[in-house]
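The following account leads from the pairing of strands to the packing of helices and then to a pocket. Please keep the sequence and the model in view while reading.

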Amino acid sequence: MTDVSDLKRRLSEIGGFDLRPGIVDLHGDGFERHLAPRRGALKNMSEGLVALDAELAANGITTAMLAQFWSWEGGMRGPDFARRLVTSLAETQGLFTDMRVQLRVEVSLIDDFDAIADFVAEAGIEMVVFNDHLPHEALAKGKPPPRLQGQALKSGRSPEAHWKLLQELHERQPDVPSALAGLAHKLGALGVRMGSHDDRTARQRAAYRGMHADIAEFPETREALDAARKDLKVLGAPNVVRGGSHKKGLSAAEAVHDGLCDVLVSDYHYPAPRLAALALEAKGIDAWPLVSSAPASVLGVDRADFCVLDPAGRVVGTHAAGRWSHMTAPLYEALQ
């Protein structure tokens, strides 16, 4: 067990290193490339989780929410993969990072809602976020989406079967609100924290808030962001690093500047929380709490985890749950 106060003293005496609170990543799906690098390539997830653990630690992340889909997309985003992930996390020994599962539920799968509620209860999942990734505009026009064949391949369906499924799900949209409210009620009774993903309108945000889904993940418009002022506003750190959304949505940096961001997350790139916080600090914004204490309070994380940065802002050491999870030669040699 490392004495943090003693380490701070030693690092200050050595000079050139910066001790920071550990990064708590509230939403990241970069784990997919470790657990399913190619379709059907890895049957055993344990080695992938070990590799993921190393990447998280190398980026100063001490707690990570793995944003796992329960989606009609199938494959690594399907129910079977979600079940395997939860089982593998429970069975894999020797992981340093506190890894937890956030379940991302596709709202059109209303026939799965009972199974989803049972799964959340059995797995002890503490956060569920509602998504709607159906290409409604194309479906309303009777046009197959442009990535139909690729999606079908990933799902294990023929293009014809996948297209038929999307049409059926789209046609059932009038039944979604009441079914979703029922699921949200069950999840709320379990003490699950809920949110929505990619809201575009104030009306969408209000509807989800009415279901006690008070987390607004990646609102896509200023209208939706303004409507989320009373909610927990979660934005993507890659958006800050890139200087804007890759989908040409709102600017996360501007949202932070305007006080409309509560948490920054890795989204799809684990180095991004650190890089975004440092970039914002360079502009005079105290942004490290957005990737550390703020998300930690959401999850109830109360640990003295920390990471050590070198003068270039790179992670040279990460300490999680009383153990070093990552250490590079410069830090090791300095501490000898």
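Two strands are taken to pair if DSSP finds at least two bridges between them. The model discussed here is predicted. With that criterion in hand, one may turn to T63, which stands opposite D98 in β4. The strands concerned are β3 (residues 61-70) and β4 (residues 98-106), which pair in the parallel sense over eight bridges. Helix α4 (residues 79-91) packs on the sheet and touches both β3 and β4. The direction of α4 makes about 155 degrees with that of β3.

These two strands belong to an open sheet of eight strands with parallel pairing, in the order β2-β3-β4-β5-β6-β7-β8-β9. At its edges are β2 (23-28) and β9 (263-265), each of which pairs on one side only. From one strand to the next, the twist averages 25 degrees.

A further open sheet has four strands, ordered β1-β10-β11-β12, and its pairing is antiparallel. Here β1 (18-21) and β12 (323-327) stand at the edges; each has a single partner strand, so one side of each is left without a neighbour in the sheet. Neighbouring strands of this sheet are turned against each other by 20 degrees on average, when direction is ignored.

Within this antiparallel sheet, four bridges join β11 (residues 315-320) to β12. Helix α1 (residues 4-14) lies across β1, β10 (306-309) and β12. The direction of α1 runs at about 150 degrees to β1.

The next topic is the packing of one helix on another. Two packed helices are described by the angle between their axes and the distance between the axes. For α7 (residues 148-155) and α8 (residues 159-171), the angle is about 100 degrees and the axes are 9 Å apart. Angles of 65 to 115 degrees count as roughly perpendicular, and α7 and α8 are therefore roughly perpendicular to each other. In this contact, L148, Q149, Q151, A152 and S155 of α7 meet P159, H162, W163 and L166 of α8. By class, the residues of the contact of α7 with α8 divide into five nonpolar, four polar and no charged.

Which residues line the second largest pocket? The lining consists of P21, G22, V24, T62, S292, S293, A296, V301, R303, A304 and D305. Among these, P21 falls in the range of β1 (18-21), V24 in that of β2 (23-28), and T62 in that of β3 (residues 61-70). Five of the lining residues are nonpolar, four are polar and two are charged. The space in this pocket amounts to about 160 Å³.

Key. Residues numbered from 1 in each chain as written. Predicted model: local features only at pLDDT ≥ 70, side-chain atom pairs only at ≥ 80, totals over all residues. Heavy atoms only, no water. 1 Å grid on protein atoms, 1.4 Å probe; cavity = no way out; pocket = protein on both sides within 12 Å on 5 of 7 lines; lining within 4 Å. Points joined across faces, edges and corners; volume = space filled by probe spheres on them. Nonpolar A, V, L, I, M, F, W, Y, C, P; charged D, E, K, R; others polar. Axes fitted to C-alpha atoms, helices over the stretch in contact; angles between N-to-C directions. Parallel < 35°, antiparallel > 145°, perpendicular 65-115°, else oblique. Contact = heavy atoms within 4.5 Å.
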